[in-house]
Amino acid sequence: MFKVLKVDHIGIAVKDLEAAKKFYTDVLGMTAQGEEVVEQQKVKVCFIPSGDSEVELLESTSPDGPIAKFIERNGEGIQHIALRVNNIENALKELKEKGIRLIDETPRYGAGGASIAFIHPKATGGILLELSERN
Ligand SMILES: C[C@H](C(=O)O)C(=O)SCCNC(=O)CCNC(=O)[C@H](O)C(C)(C)COP(=O)(O)OP(=O)(O)OC[C@H]1O[C@@H](n2cnc3c(N)ncnc32)[C@H](O)[C@@H]1OP(=O)(O)O
Ligand SMILES: [Co+2]
């Protein structure tokens, strides 16, 4: 069994992380946390907490990364929504048994040491959904 606990973060694809961050900090008065490069995802991320959830700004570190491709195709904007789950292994096992189209059948490294996995947008009604388990 698994349980979706909350919206963990909203992933926003940006061309320039520093510039985008300024809107949330200088204009909205939010506090940005440190940046982290997640090699496997070819991305540099910055989390900006907002209550129980976070904004995640994502800048591509490579022209062939998923964020670069998304921006090329759609421009900057919301690229994914992450749901916090209590047990990502069980979640993936159950979704697979239900025939849900998964991008990741096993969890991968996520920012801040989370275990993450993506569900294909075709299976969710058009949203790239990230499942995230944080210890
Ligand atoms: C590390 C950090 C963390 O939180 O820890 C992260 O979040 S990393 C976040 C960055 N990493 C990721 O996003 C990894 C998972 N993403 C992926 O594997 C890929 O981006 C993908 C499979 C969703 C799409 O790959 P792609 O662009 O090559 O595929 P296509 O361009 O052919 O798109 C296939 C179909 O999905 C749609 N599509 C593509 N991307 C998205 C999206 N972000 N949201 C909703 N729909 C989408 C396209 O419009 C197309 O629909 P149609 O056929 O109707 O035109
Ligand atoms: Co994310």
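**Exercise 1.** Identify the residues that coordinate the cobalt ion (ligand 2) and classify the site.

*Solution.* Donors are N, O and S atoms within 2.8 Å of the metal (3.2 Å for Na, K and Ca), and water is not among the atoms, so sites may look incomplete. The structure is a predicted model, in which local features need pLDDT of at least 70, side-chain atom pairs count only at pLDDT 80 or more, and totals for chains, interfaces and linings use all residues. Side-chain values use heavy atoms, with hydrogens and water left out.

Step 1: Six donors count as octahedral if opposite donors are over 155 degrees apart and all others between 65 and 115. Ideal angles for six octahedral donors are 90 or 180 degrees.

Step 2: along the chain, the donors of the cobalt ion (ligand 2) have the spacing H-x46-E-x23-H-x49-E. His9 in strand S1 (residues 4–13) and Glu130 in strand S8 (residues 129–133) are 121 residues apart, and this pair links distant parts of the chain. Strands here are DSSP runs (E, at least two residues), as are helices (H or I, at least four), numbered from the N terminus.

**Exercise 2.** Decide whether His9 and Glu130 are buried or exposed.

*Solution.* Buried means under 20% relative accessible area, exposed over 50%, and partly exposed in between (1.4 Å probe, protein chains only). His9 has a relative accessible area of 1% and is therefore buried. Glu130, at 4%, is buried as well.

**Exercise 3.** Describe the polar contacts of ligand 1 with Lys69, Arg73 and Gln79.

*Solution.* Step 1: an oxygen atom of ligand 1 lies 2.8 Å from a side-chain N or O atom of Lys69. For the side chain of Arg73, the distance from an N or O atom to an oxygen atom of ligand 1 is 2.5 Å.

Step 1: a polar backbone atom of Gln79 is 2.8 Å from a nitrogen atom of ligand 1. Each polar contact with the ligand is a pair of N or O atoms within 3.5 Å.

**Exercise 4.** Determine how strands S2 and S3 are arranged.

*Solution.* Step 1: strand S2 (residues 35–38) and strand S3 (residues 43–50) pair in the antiparallel sense over four bridges; pairing requires at least two DSSP bridges.

Step 1: Glu36 stands opposite Val45 in S3. S2 and S3 form a hairpin with four residues between them, and Lys42 in the turn has a positive phi of about 50°.

Terms used:
Residues numbered from 1 in each chain as written. Chains lettered and ligands numbered in written order. Tetrahedral: all angles 85-135°; square planar, octahedral: opposite > 155°, others 65-115°. Polar contact = N/O pair within 3.5 Å; in protein donor to acceptor, adjacent residues only side chain to side chain.
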